[in-house]
Amino acid sequence: MYVPIKWLKDYIDLDEDIKTLADKLSDSGSHVESIISRSEGIEGVYTGKITEIKKHPDADKLVVCKVNFKDKDLQIVTGAKNVFEGAIVPVALDGAKLHNGIEIKNGLLRGVESQGMMCSLEELGYDVSVIPKEARNGIFIFPKNTEVGADVIELLDLNEPIIEFEITPNRPDCLSIIGMALETAATLDKKIKRPSVEVKNAKGNINDFLEDIQIDTPNCYRYYSRVLSDIKIEPSPLWMQNYLMAAGVRPISNIVDLTNFIMLELGTPMHAFDLDSLKNKKVLVREARDGEKFKTLDGKERDLKSGDILITDGEEIIGLGGIMGGLDSEINENTKNVLIEGACFNEDKIRKTSKRLNLRSEASGRFEKGLDPNLCEISVNRMCHLAQVLNIGNVIDGQIDVYKNKVEEKVIELSKEKNNNLMGIELSTEEIASILQRLEIKCQINGDIISAKVPTFRRDINIAEDLIEEVARIYGYANIEKKALRGELSVGSRPHHREIEIRIKNFLTGLGYNEFMTYSFVSPTIFDKLNIDKDDPIRDTLNILNPLGEDYSIMRPSLIPSMIDALSKNAARFNENVAGFEIGNTFFKSQKELPEEKLKLVMGFYDIGDFYYLKESIEKILWNVGLSGFTYKRIKKSYLHTGRCAEIFYKGHSLGILGEVHPLVLKNYSMKKKVYVAELDFDFITENSINNYTFKELFKYPSIKRDFAFVMDRDIEASQIEKIAKDNGKDLLESFKVFDIYEGDNIEKGKKSLAFSLVFRSKDRTLTDDDISAISDNVVKAIEKQLGAVLRS
């Protein structure tokens, strides 16, 4: 945002030098990007009047001009095509210096003496983007009443510095000269002079020119309109052109320049339509229909989509709301009657349309940050006021205003205690209110409570903390005394779930497992690789809206596919004896706003063991965090080997699954080795884990071990036998362990031999054979009766 200091002085009395002003504004939160001095390196340029033009005797493209300069005439040769007798132009005299270090000397041009040079604005340091079209390829022509012999630097305000500010997106009110004047006034504790919006001697009736305004979209918050008649289209006065060019905007004509001037002055984008070009005496604001086309002011035809905001006359589109007007309704030299638009639109819609069409404008850049609808009326009346001051045309009496949901000032309560605690200093309630009032925030004091009425143009202030921020920055962060930090010391520690995670990771690493890390998003083809049925609920996954590709298009519902994939890649690279684990989230659909996440532990290996090694690894890590006494149940999973997989339970709750990967699944992953995997509910493990074990005294008395072998149906599970043993072992049974399962020779088909050990111990005495024999007999009888098993001799 370029802020010309001369323009700023129209609203606030400034006597500070530019460096001091910039420093103070930076300290109060208005970040200064740069200070621009446009007159630097330019000298010796004055106005001269062309009194005579003759052809150059030896050059068809050159002319010889007699230029009156105060009390003498100069002869200057030029190739500019826009010069004419009577024109007042900038003249660089002998010894003058121009932009980029160019120095002017008297000399001969094709044999004719030239006593200086007539200048274009580009030669005076102006960027070509702000130069008026008629002056872009020639000499700059001053208004006819300009004084001859005047210093061009002063006439063009080149001696006045410009401050460039970086405006944050939450402060669209500062994208205006008035907004920055208010910030300056608050910083320096000065009064601001608001520009006049008074309209006198309005004529006629607006209904004779405009019948109605309709808004058929909720994305247009307000549409305020007035009419100017009997317009005289001509260049703007020099002072206005100077302001516009200094602020980075190209002058065009008086009406267009007025809309740009108001936009820069008050921050509200304006638009002027040639009223006579409208087919109907009405304005209809609506949203576009897919497939509509519209030619904007830049001459390009735009393809519109549903949601784009359009300004129409009921039949034809005359403007792309908040972005750019239409070519057919633009202001031209024949315009006589003008419809002034002061509107406010939905910022998200403007941003999306502007981005999609790749059409950025000064208007869209402001609208997409969110503007105050209450400024529409002020801005339109300000334009009408200036139109009267500049004698551009007549202001028609009346206005049409469509404003359905008026934006009101917010009232926020702020306590002195809260303000002072957050700032770390002691300010009285009156001092706090005084600072806020400098920002035009009206305050009412009730004891230690301030009721602050926030103006509608400050959309960034919504809570008490926002008010405190305003107080702090205007008070001055540098003025806040440094204090030591206060607080209570506490012992830092990790949360329980993190401690358990670290303990399990360390234990697994000690067992020879490596930690794997895989992506949370995977390919939908994992279900086919795992041979999962098409109607299995696990296939109802969370899809990613903007995936990196098909291979990363869903959120993983299980860690097992990623583990098998990682093991297959290791096998493909001939890595031997690989074991890995990962603790990560799985994702599921939920009725709540966000999806459900479950933390899982997955383990897997090849070449280092079998099903029982995996089972033993699980029991060891769980014992390490305080879990023991598990039961196992045979299950069927499409991706696990039948008869070599199980579900593990703890206190009746499913803890997870483990088993050997099915050969057909291994084939899908191009694996030739046997792979074993397990997936456990890590959240449940954490909830039931302990931070540390309680010490128990070592047993004083020896144990007694008994081994048994039974022939039984192959479908009988070891957990059934374990339950019977525990039911009959009472308090003396210390442990149950299966050490052999056999099927083959000497065992009937459909049967198996299962051998297990029972360990007995007493806490208070040494057991005898008689103690154990009775229990053992009960166990054997119960197994034979309940399971139909036969004790092997």
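Predicted model: local features only at pLDDT ≥ 70, side-chain atom pairs only at ≥ 80, totals over all residues.
**Entry 1**

I searched the whole structure for cavities and found one of 30 Å³ or more. My working meaning of a cavity was a set of points, on a 1 Å grid over the protein atoms alone, where a 1.4 Å probe fits but cannot get out. Rolling a probe the size of a water molecule over the atoms shows where empty space is left.

Residues are numbered from 1 along each chain as its sequence is written, and side-chain values use heavy atoms, with hydrogens and water left out.

How much space lies in the largest cavity? I noted about 30 Å³, a volume being the space filled by probe spheres set on the grid points, which are joined across faces, edges and corners. I listed the lining (residues with an atom within 4 Å of a point) as Pro4, Lys6, Arg38, Asp157, Glu160, Asn242, Tyr243 and Ala246. Helix 5 (residues 238–246) gives the most to this lining, with three residues. Helices here are DSSP runs of H or I with at least four residues, strands are runs of E with at least two, and both are numbered from the N terminus.

By class, I get four charged, three nonpolar and one polar residue in the cavity lining. For the classes, Ala, Val, Leu, Ile, Met, Phe, Trp, Tyr, Cys and Pro are nonpolar, Asp, Glu, Lys and Arg are charged, and the others, Gly among them, are polar.

Next I looked at the second largest pocket, at about 1,200 Å³. A pocket is an open set of grid points with protein on both sides within 12 Å along at least five of seven lines. Its lining has 41 residues, and those nearest the centre are Ile252, Val256, Asn260, His271 and Leu297. Which elements give two or more residues to that lining? I wrote down helix 6 (254–266), strand 13 (270–274), strand 18 (317–320), strand 19 (324–325) and helix 8 (362–367). The pocket lining splits into 19 nonpolar, 13 polar and nine charged residues.

Strand 18 made me look at its partners. Strand 17 (residues 309–312) pairs with strand 18 in the antiparallel sense over three bridges; pairing requires that DSSP finds at least two bridges between two strands. Isoleucine 311 has glycine 319 in strand 18 as its bridge partner. The two strands form a hairpin with four residues between them, and glycine 314 in the turn has a positive phi of about 100 degrees.

I then checked residues other than glycine. Aspartate 230 has a positive phi of about 50 degrees and lies in the loop between strand 12 (220–229) and helix 5. Asparagine 391 has phi near 55 degrees, in the loop between helix 9 (375–389) and strand 21 (394–395).

**Entry 1: the two annotated spans**

UniProt lists residues 39–153 as "domain: TRNA-binding" in an unreviewed entry; such annotations may be inferred rather than shown by experiment, and the positions are in the numbering used here. I find this span to be 2% helix and 43% strand, with its end C-alpha atoms 7 Å apart.

I also traced an open, antiparallel sheet of five strands in the order 5-4-3-6-9. Strand 5 (72–78) and strand 9 (117–118) each have a single partner strand, so one side of each is left without a neighbour in the sheet. Strand 3 (residues 43–56) and strand 4 (residues 59–69) run antiparallel over seven bridges, with lysine 55 opposite valine 63 in strand 4.

The UniProt annotation "domain: FDX-ACB", also from an unreviewed entry, covers residues 699–792. That span is 33% helix and 34% strand, with end C-alpha atoms 33 Å apart.

An open sheet of four strands has the order 36-37-35-38, again with antiparallel pairing. Its edges are strand 36 (733–742) and strand 38 (790–791), each pairing on one side only. Strand 35 (residues 704–713) is joined to strand 38 by two bridges, and phenylalanine 710 has leucine 791 as its bridge partner.
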